[in-house]
Amino acid sequence: MSTGLVTPHFYTASDHSGWAGAPPEARANLTSLAQVLEVARARGGVPLRVTSGYRSRAYNAAVGGSSTSQHLTGSAADFVPVGVSLAEWANRVAPSLDPASFGQLILYPWTQGHAHLSLPNRASGRRGELLVEVGRNDYAAWTPGRPFPAWGSAGNIVQSEREGAAQVDLLLFMLIAAIVIAAI
Ligand SMILES: [Zn+2]
């Protein structure tokens, strides 16, 4: 397997998420994704600590991720902005992101505390979506400048990129080095 710098601030690293067996398509996707992450990093003005990138099917299943997750194709990353709240970061970045350049920016302020950013989804046609998690597999559309809806409020958007169980994810992410790590 290969590890190393993908873009100036993002690199791949060996871990247990299955990167060693990742197909060429996933490697190509991850390169494109890192370029989108670079834009988000620059707009936010802070480093992004990536907690999850590519996931093999086995790893994704182990953390309870959706079977259609874009993590499976190296097309999505989860990260925590360093030194600012998720809300402040999202308000800095979301208004200026080109909607054609990404699939979904999903904010998890009430559980994992991270953001999920993906490439445009060729299969579903999804792009430019801003969502916030408001319940278990329930998401609401989010508009920059608006407060995040409270946990438990009806979002009424069930979508295919559901993350795994929050606590399991967090535990594993702390124990296992992430596949794409933001260089600080
Ligand atoms: Zn994710």
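**Figure 1. The whole chain in overview.** Helices (H or I, at least four residues) and strands (E, at least two) are DSSP runs, numbered from the N terminus. With that in hand, the order along the sequence reads β-β-α-β-α-β-α-β-β-β-β-α-β. That gives four helices and nine strands in the protein. Keep in mind for every panel that this is a predicted model. Of its 184 residues, 42% count as buried.

**Figure 2. The six-stranded sheet.** Here we zoom in on an open sheet whose strands line up as E3-E4-E6-E5-E7-E8, with mixed pairing. At the edges are E3 (48–52) and E8 (138–141), each with pairing on one side only. On average, neighbouring strands of the sheet are turned by 30° against each other, direction ignored. As a reminder, strands of a sheet pair through backbone hydrogen bonds, and they can do so parallel or antiparallel. The next panels go through several of these pairings.

**Figure 3. Strand E4 between its two partners.** On one side, E4 (residues 76–81) pairs with E3 in the antiparallel sense, over four bridges. Look for serine 52 opposite aspartate 78 of E4, and for arginine 49 opposite valine 80 of E4. The pairing of E4 with E6 is antiparallel too, again over four bridges. In that pairing, alanine 77 has leucine 117 of E6 as its bridge partner.

**Figure 4. Both faces of E4.** Which residues point which way from E4? Ala76, Asp78 and Val80 go one way, while Ala77, Phe79 and Pro81 go the other, and all are buried. With six of the six residues of E4 buried, this strand is largely enclosed by the rest of the structure.

**Figure 5. Strand E7 and its neighbours.** E7 (residues 129–135) runs parallel to E5, and four bridges hold this pairing. Leucine 107 faces valine 132 of E7 here. E7 is also joined to E8 by four bridges, this time antiparallel. Valine 132 turns up again in this pairing, now opposite alanine 140 in E8. So much for the strands themselves; the next view moves to the turn.

**Figure 6. The E7–E8 turn and asparagine 137.** E7 and E8 make a hairpin with two residues between them. Asparagine 137 sits in this loop between E7 and E8. Its backbone is the thing to look at: asparagine 137 has a positive phi of about 50° although it is not a glycine. For context, most residues other than glycine have a negative phi. Is asparagine 137 buried, partly exposed or exposed? Asparagine 137 has 14 other C-beta atoms within 10 Å, and is therefore partly exposed.

**Figure 7. The buried side of helix H3.** In H3 (residues 86–93), the buried residues are Trp89, Ala90 and Val93. These residues cover an arc of only 95° around the axis, which puts them on the same side of H3. What do the buried residues of H3 pack against? Their packing partners are helix H1 (24–44) together with strands E4, E5 (104–107) and E6 (115–118).

**Figure 8. Where H1 meets H3.** The axes of H1 and H3 are 8 Å apart, and the helices pack at an angle of about 105°. An angle of 65 to 115 degrees counts as roughly perpendicular, so H1 and H3 are roughly perpendicular to each other. From H1, the contact uses Ala40, Arg43 and Gly44, while H3 brings Trp89, Arg92 and Val93. Sorted by class, the contact of H1 with H3 has three nonpolar residues, one polar residue and two charged residues.

**Figure 9. Histidine 71 in its loop.** Histidine 71 belongs to the loop that connects helix H2 (57–62) to E4. Why does histidine 71 count as buried? The cut-off is 20 or more other C-beta atoms within 10 Å, and histidine 71 counts as buried because it has 27 C-beta neighbours inside 10 Å. Neighbours within four places in sequence aside, the contacts of histidine 71 are Ser52, Tyr54, Arg55, Asn60, Gly65 and Ala76.

Technical notes
Residues are numbered from 1 along each chain as its sequence is written. This is a predicted model: local features need pLDDT of at least 70, side-chain atom pairs count only at pLDDT 80 or more; totals for chains, interfaces and linings use all residues. Two strands pair if DSSP finds at least two bridges between them. Axes are lines fitted to C-alpha atoms, for helices over the stretch in contact, and angles run from 0 to 180 degrees between N-to-C directions. A residue is buried if 20 or more other C-beta atoms lie within 10 Å of its own, exposed if 12 or fewer, and partly exposed in between; C-beta atoms are placed from the backbone. The arc is that of the directions from the helix axis to the C-beta atoms. Two residues are in contact if their C-beta atoms, placed from the backbone, lie within 7 Å. Angles under 35 degrees count as roughly parallel, over 145 as roughly antiparallel, 65 to 115 as roughly perpendicular and the rest as oblique. Ala, Val, Leu, Ile, Met, Phe, Trp, Tyr, Cys and Pro count as nonpolar, Asp, Glu, Lys and Arg as charged, and the others, Gly among them, as polar.
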